[in-house]
Amino acid sequence: LSFAYAGQVIFIELQSGMENARDLMKSVYTSNTLMTTTYAAVAITCYYFIGQHALRDGEPLSTKLAKGSPILKLVNALVFLHVLVAYAVEGNFLTQGILHALGKDDAITGESKTARFTWMLTTACVTIGCYCISNLIPFFSDMMSIISAVAGIGLNFTIPILLVLKLAPPKSFRTRVFGRIFIAISVLVALAGTAASAIDIANKFTLDPPFVCARR
């Protein structure tokens, strides 16, 4: 789990389900340290062996490996694990939210066969729905980049700091100043990420038919 998922998108949901919410930061420090180390090691190693010229087209690193080679199979297996864990973790929270909105809270905590079947059915619908959406939108990856830049940074950094400064202002002047500086930085990063994703969509936009990846 530490290798495959840092959990930034669901920090609020994770914290709300903890017995002691103060322990969240221990998980944040641990997961982000491991994830940063893993990502940096992969990026540096690939850059060293593949080179700058081969990476200019923006294609995934796996496309630079020889087809059928053991290293490509290992990379694909790790990518599959990464996606599987991320979908499983986020899917559980989404399923929980859907059932709560439908008034089916008994299916979330219940142990009966009906509760388990309701949870399984909802999870299956969420998984199938996600698969269809990701294959129906031709620029899904870039669209997710825009959503991450606009919503991800705002929900995880900008808005929480704003709420802290407004509802529970820190006594330290230095902390308040740092918070305002971090808000400005997060807004700039969000704008830069949104602009970069929009430019990427414009440059790579194609009207591929649905499920073209599956047919390949």
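Helices (H or I, at least four residues) and strands (E, at least two) are taken as DSSP runs and numbered from the N terminus. By that definition the chain holds eight helices and zero strands. Along the sequence the pattern reads α-α-α-α-α-α-α-α. The model is predicted, so local features need pLDDT of at least 70 and side-chain atom pairs count only at pLDDT 80 or more, while totals for chains, interfaces and linings use all residues. Residues are numbered from 1 along each chain as its sequence is written, and side-chain values use heavy atoms, with hydrogens and water left out.

Burial was examined next. A residue is buried under 20% relative accessible area, exposed over 50%, and partly exposed in between (1.4 Å probe, protein chains only). Accessible areas come from the Shrake-Rupley method with a 1.4 Å probe; for residues, only the protein chains shown count as cover. Buried residues make up 19% of the 216 residues in the chain.

Helix H6 spans residues 140-167 and has a kink of about 55 degrees. The kink is centred on glycine 154. Here the bend at a residue is the angle between two fitted axes, one for the seven residues ending there and one for the seven starting there. Glycine 154 is among the buried residues of H6.

The loop between helix H5 (113-136) and H6 contains proline 138. Proline 138 has a relative accessible area of 38%, so it is partly exposed. Proline 138 lies 63 residues from isoleucine 201 in sequence. In space, their C-alpha atoms are 9.9 Å apart.

Aromatic rings were then compared. A pair of aromatic rings is described by the distance of the centres and the angle of the planes. Rings of Phe, Tyr and Trp (its six-membered ring) pair if their centres lie within 6.5 Å; planes under 30 degrees apart count as stacked, over 60 as edge-to-face and the rest as tilted. The whole structure contains two aromatic pairs. In one, phenylalanine 157 and phenylalanine 182 have ring centres 5.9 Å apart and planes at 45 degrees, so the pair is tilted. This pair links distant parts of the chain, with phenylalanine 157 in helix H6 and phenylalanine 182 in helix H7 (residues 173-204), 25 residues apart. Phenylalanine 157 is partly exposed at 40% relative accessible area. Phenylalanine 182 is also partly exposed, at 29%.

Phenylalanine 178 and phenylalanine 182 form a tilted pair too, with 6.0 Å from centre to centre and 40 degrees between the planes. Both residues lie in helix H7, four residues apart, about one turn of the helix. An α-helix has 3.6 residues a turn, so residues three or four places apart point the same way. Phenylalanine 178 is exposed, at 53% relative accessibility.

Charged contacts followed. A salt bridge is a side-chain nitrogen of Lys or Arg within 4 Å of a carboxyl oxygen of Asp or Glu. The count by this rule is two. Lysine 26 bridges to aspartate 23, with the closest N and O atoms 3.3 Å apart. Lysine 26 is exposed at 56% relative accessible area, whereas aspartate 23 is partly exposed at 27%. Glutamate 111 and arginine 116 form a salt bridge at 2.6 Å, N to O. Both of these residues are exposed.

Patches are made of residues with over 30% relative accessible area and no salt bridge; like charges are joined within 9 Å, and nonpolar side chains (Val, Leu, Ile, Met, Phe, Trp, Tyr) within 5 Å. A nonpolar surface patch of about 340 Å² is formed by Ile71, Leu74, Leu78 and Leu81. Leucine 78 sits in helix H3 (residues 70-101). At 37% relative accessible area, leucine 78 is partly exposed.

Cysteine 130 is partly exposed at 24% relative accessibility, and cysteine 132 is partly exposed at 27%.
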